[in-house]
Amino acid sequence: MLEKAIRDELRAIVGEKYVLDTPNELYAYSYDATPIFQAMPDAVVMPAGAEEVAAVLKLANAHGIPIVPRGSGTNLAGGTIPVEGGIVLNMNRMNQIYEIDQQNLTATLGPGVVTADLHAAVEAVGLFYPPDPGSMRISTIGGNLAQCAGGMRGLKYGVTKDYILGLEYVLPSGEVLRCGGKNMKDVAGYDMTRLLVGSEGTLAVITEITVKLLPLPESKRTLVAYYTNLVDAAKTVEKVIADKIIPATIEFLDQSTMKVVDDFAKLGLPLEMKSMLLIEQDGPADLVEQDIERIAEIARQQGAAEVKLATTPEEGAKLLAARRSALAALSRLRPTTILEDATVPRSRLAEMVAEVERIAEKYQLHICTFGHAGDGNLHPTCMTDERDQEEIKRVEQAFEEIFHAAIRLGGTITGEHGVGMAKMNYLDLKAGPGGIELMKRIKAAFDPNHIMNPGKMFAGSGRRRVVVKR
């Protein structure tokens with residue numbers, strides 16, 4: 001618990017009603033969207049701007065109080081669990097879009113802006129912010145930046161790091177700094193902007209963001225292809241890309257996921273099929289028509305049992321909305337849903353899906369697989385019950401084996417969710433001991449007192465409190 005004098009000073013900085021410390025208020029910030037992990041903070045502080053953030057950090061740094069930056073808490077890596085207590089810094093009051101610059105094709109905004117609100121604001125003036133994480137109607141841009149969120153449009157358009165041009169950020173010392181800006185080219189010194197994107201709140205607190213925008217695509221078309229096996233679906237993905245067509249979206253669902261999504265969204269999917277691809281292309285109307293017809297032809301050539309083109313934009317949007325509902329649909333099956341994001345080169349997609357199926361059978365678990373087939377980013381999702389400790393142990397063993405399989409196939413332990421607490425024990429598989437040691441030295445340069453989101457990213461770091469399983 002924080003001393004009364006520190007609580008009083010926090011209230012003096014941000015205002016009485018923006019410091020929360022009753023048991024019920026603290027409980028609401030003791031967990032995020034990641035199952036199992038939970039720990040209580042000592043206070044929740046809601047700053048209104050960089051000046052208040054700087055004052056809070058300076059106070060916390062002087063007293064060695066942990067700081068956990070938080071947006072909407074939708075991350076799936078345990079990234080906002082206050083594992084050492086301290087202050088959860090809720091950034092959602094900083095939710096203004098300060099500028100949409102139609103000449104430079106940029107937007108400048110606070111970290112608390114909800115992703116879908118940014119989409120709506122820029123699309124209203126004919127512009128486009130492509131990153132579209134599944135939680136975009138709830139998640140904030142600051143949280144997306146912290147985890148380097150991806151989404152369904154990652155194949156064609158990239159992920160969050162590809163759209164962050166400039167930042168204002170606050171060091172633990174309270175010093176307010178800027179990096180980047182509106183320039184499309186800027187190689188003056190180390191790229192601090194890219195370093196901070198994906199740093200998961202372990203280095204600094206982001207207080208302002210400048211993002212790159214694109215012209216809004218003129219049109220889009222959607223098709224769905226069904227397969228009697230997994231291999232033909234994977235071959236379709238490989239052939240489409242080899243044919244020099246880059247769709248906006250190529251999504252994969254296995255049979256188990258299809259059944260659950262169909263029950264949830266009432267789409268009338270052919271549930272005897274083993275897998276499906278959902279493919280969308282956008283751009284100039286003539287080119288979109290040409291591409292979508294060629295993609296349909298390739299799907300049939302590669303063994304698709306059935307190919308359907310959405311006849312209207314509304315039908316295409318309904319199919320994509322159903323795919324976005326996959327996690328919600330799966331979450332209805334059992335009390336605990338654990339979703340991961342092992343990623344492999346797309347040429348190894350079929351092998352990775354087969355590995356997940358083998359591992360699920362080995363450990364007698366219900367694991368459904370869906371994900372972003374175009375960039376090899378799979379979401380093996382296990383429906384379980386955290387109250388069953390024996391089963392949870394098997395789940396942990398299964399996911400460890402899945403991560404090892406991804407690495408063996410030339411992939412990574414996380415494509416878009418981040419490391420946080422959930423995968424910090426596996427970071428060495430990808431980064432190696434030397435890489436981890438270098439990362440720790442970078443963190444020490446930013447945060448010598450180790451107050452920034454401790455107990456994340458690096459195994460064995462921090463003075464961890466007991467994490468309660470909820």
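This is a predicted model: local features need pLDDT of at least 70, side-chain atom pairs count only at pLDDT 80 or more; totals for chains, interfaces and linings use all residues.
Reader: Noted. How many cavities of 30 Å³ or more does a search of the whole structure find?

Author: One.

Reader: Which residues line the largest cavity?

Author: L253, V261, L267, L269, M276, L278, L319, A322 and R323.

Reader: Which elements each supply at least two residues of the lining?

Author: Strand β14, residues 275–283, and helix α11, residues 313–324. The biggest share comes from α11, which gives three residues.

Reader: Stay with β14. How many of its residues are buried?

Author: Nine of the nine, so the strand is largely enclosed by the rest of the structure.

Reader: Which residues point which way from β14?

Author: S275, L277, I279, Q281 and G283 go one way. M276, L278, E280 and D282 go the other way. Both sets are buried.

Reader: Why the two sets?

Author: In a regular strand, side chains alternate between the two faces of the sheet.

Reader: What sheet is β14 in, and what is the strand order?

Author: An open sheet of seven strands, in the order β15-β12-β14-β13-β17-β18-β16. The pairing is antiparallel.

Reader: Which strands stand at the edges?

Author: β15 (306–309) and β16 (336–339). Each has a single partner strand, so one side of each is left without a neighbour in the sheet.

Reader: What does the twist average?

Author: 15 degrees from one strand to the next.

Reader: Back to β14. How many bridges join it to β12?

Author: Nine, with β12 covering residues 219–227 and running antiparallel to β14. Y226 has M276 of β14 as its bridge partner. M276 also turns up in the cavity lining.

Reader: And how many bridges pair β13 with β14?

Author: Six, again in the antiparallel sense, with β13 spanning residues 249–254. T249 is bridged to E280 in β14.

Reader: Are the residues of β16 buried or exposed?

Author: Buried. T336 and I338 point one way, T337 and L339 the other.

Reader: How many bridges does β1 make with β2?

Author: Two, in the antiparallel sense, with β2 at residues 43–45. V19 stands opposite V45 of β2.

Reader: On to helices. How far apart are the end C-alpha atoms of α3?

Author: 20 Å. The helix has 14 residues, 50–63, and at 1.5 Å a residue they should span 20 Å, so the two agree.

Reader: Which residues of α3 are buried?

Author: A50, V53, A54, V56, L57, L59, A60 and N61.

Reader: What happens just after α3?

Author: G64 takes a positive phi of about 65 degrees.

Reader: Is C148 buried or exposed?

Author: Buried, with a relative accessible area of 14%. The cut-off for buried is under 20%.

Reader: What about Q364?

Author: Q364 is another residue other than glycine with a positive phi, near 55 degrees. Its loop runs between α13 (349–362) and β17 (366–372).

Reader: Buried or exposed, that Q364?

Author: Exposed, with a relative accessible area of 62%. Exposed starts over 50%.

Terms used
Residues are numbered from 1 along each chain as its sequence is written. Side-chain values use heavy atoms; hydrogens and water are left out. Helices (H or I, at least four residues) and strands (E, at least two) are DSSP runs, numbered from the N terminus. The expected span of a helix is 1.5 Å times one less than its number of residues. Buried means under 20% relative accessible area, exposed over 50%, partly exposed in between (1.4 Å probe, protein chains only). On a 1 Å grid over the protein atoms alone, a cavity is a set of points where a 1.4 Å probe fits but cannot get out, and a pocket is an open set with protein on both sides within 12 Å along at least five of seven lines; lining residues have an atom within 4 Å of a point. Grid points are joined across faces, edges and corners, and a volume is the space filled by probe spheres set on the points. Two strands pair if DSSP finds at least two bridges between them. Axes are lines fitted to C-alpha atoms, for helices over the stretch in contact, and angles run from 0 to 180 degrees between N-to-C directions.
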